[in-house]
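Please look over the sequence and the model before reading on.

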Amino acid sequence: MTNIILISGGVSNNSRTSQVIHYVATLIQAQGRSTKSFAIRDFEAEDLIYGNFQSPQVTELIKHIEEASAIVIATPIYKGSYTGALKTVLDLLPSNILRGKVVLPIVVGGTAKHVLSLEFSLKPLLSILGSEQILSGVFVLDSYVLENQVTDDDTAKRLSNSVEKLLAERNVTSGEARR
């Protein structure tokens with residue numbers, strides 16, 4: 001069983017958001033934990049546009065989330081909010097799928113003006129999906145991301161501390177998924 005699921009709202013393989021997810025996955029794996037990553041580009045566009053709840057990719061995501069004890073969700077911020085593509089994927093998930101899961105939200109933005117999007121757009125969405133344990137989250141300036149690394153020491157430390165908090169949670173540490 002994969003214990004921690006990572007979801008990237010980045011739309012390309014080399015997006016800064018995808019690079020941050022890769023960086024966080026590396027931090028988690030360095031602690032001996034298993035991860036499974038999903039990205040928006042993994043889903044068929046037609047399935048997202050037409051709301052295909054039976055899509056094989058959506059079904060796989062649901063299965064992995066149900067079995068996991070923790071979720072990391074990262075999204076770029078466009079015009080003050082998470083991407084529409086990420087919202088479309090999350091709309092295809094069952095209600096309360098995040099209940100009993102520890103969730104670490106991460107937002108990647110081009111300017112510090114977007115820092116509040118974490119609190120006012122992403123966290124409420126995660127709460128609607130049933131998450132009762134949302135960690136404080138991390139805002140990452142996209143200029144601090146280069147080649148799957150975070151180049152700013154303070155940002156790297158905040159990500160590392162957030163991963164430590166995620167792994168310190170009782171149900172994540174034990175590897176038991178709560179239902």
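Leaving aside its neighbours within four places in sequence, with which residues is Lys-123 in contact? In this predicted model, Lys-123 is in contact with Pro-105, Leu-118, Ile-134, Leu-135 and Ser-136, once those neighbours are left aside.

**Lys-123**
- Lys-123 has its place in helix 5.
- With a relative accessible area of 14%, Lys-123 falls under the 20% limit and is therefore buried.
- A polar contact of 2.9 Å joins the side chain of Lys-123 to the side chain of Glu-119.

**Nonpolar cores**
- The largest nonpolar core has 31 residues, of which Ile-5, Ile-7, Leu-61, Ile-65, Ile-71 and Leu-98 touch the most other members.
- At least two residues of this core come from each of strand 1, helix 3, strand 3, helix 4, strand 4, helix 5 and strand 6.
- Leaving aside its neighbours within four places in sequence, Ile-71 is in contact with Ile-5, Ile-7, Ile-65, Leu-98, Lys-101, Val-102, Val-103 and Leu-104.
- Another core, of 26 residues, lies apart from the largest one and includes Leu-6, Val-108, Leu-135 and Val-172.

**Helix 6**
- Helix 6 covers residues 153–168, and its 16 residues should span 22 Å at 1.5 Å a residue; the end C-alpha atoms are 22 Å apart, which agrees.
- Its buried residues are Thr-155, Ala-156, Leu-159, Ser-162, Val-163, Leu-166 and Leu-167.
- The exposed residues Asp-153 and Ala-168 are on the face of helix 6 turned away from its buried side.

Notes:
Residues numbered from 1 in each chain as written. Predicted model: local features only at pLDDT ≥ 70, side-chain atom pairs only at ≥ 80, totals over all residues. Heavy atoms only, no water. Core = buried A, V, L, I, M, F, W, Y, C linked by side-chain atoms within 4.5 Å. Buried < 20%, exposed > 50% of the residue type's maximum accessible area, 1.4 Å probe, protein only. Helix = DSSP H or I, 4+ residues; strand = E, 2+ residues; numbered from the N terminus. Contact = heavy atoms within 4.5 Å. Expected span 1.5 Å × (residues − 1). Polar contact = N/O pair within 3.5 Å; in protein donor to acceptor, adjacent residues only side chain to side chain.
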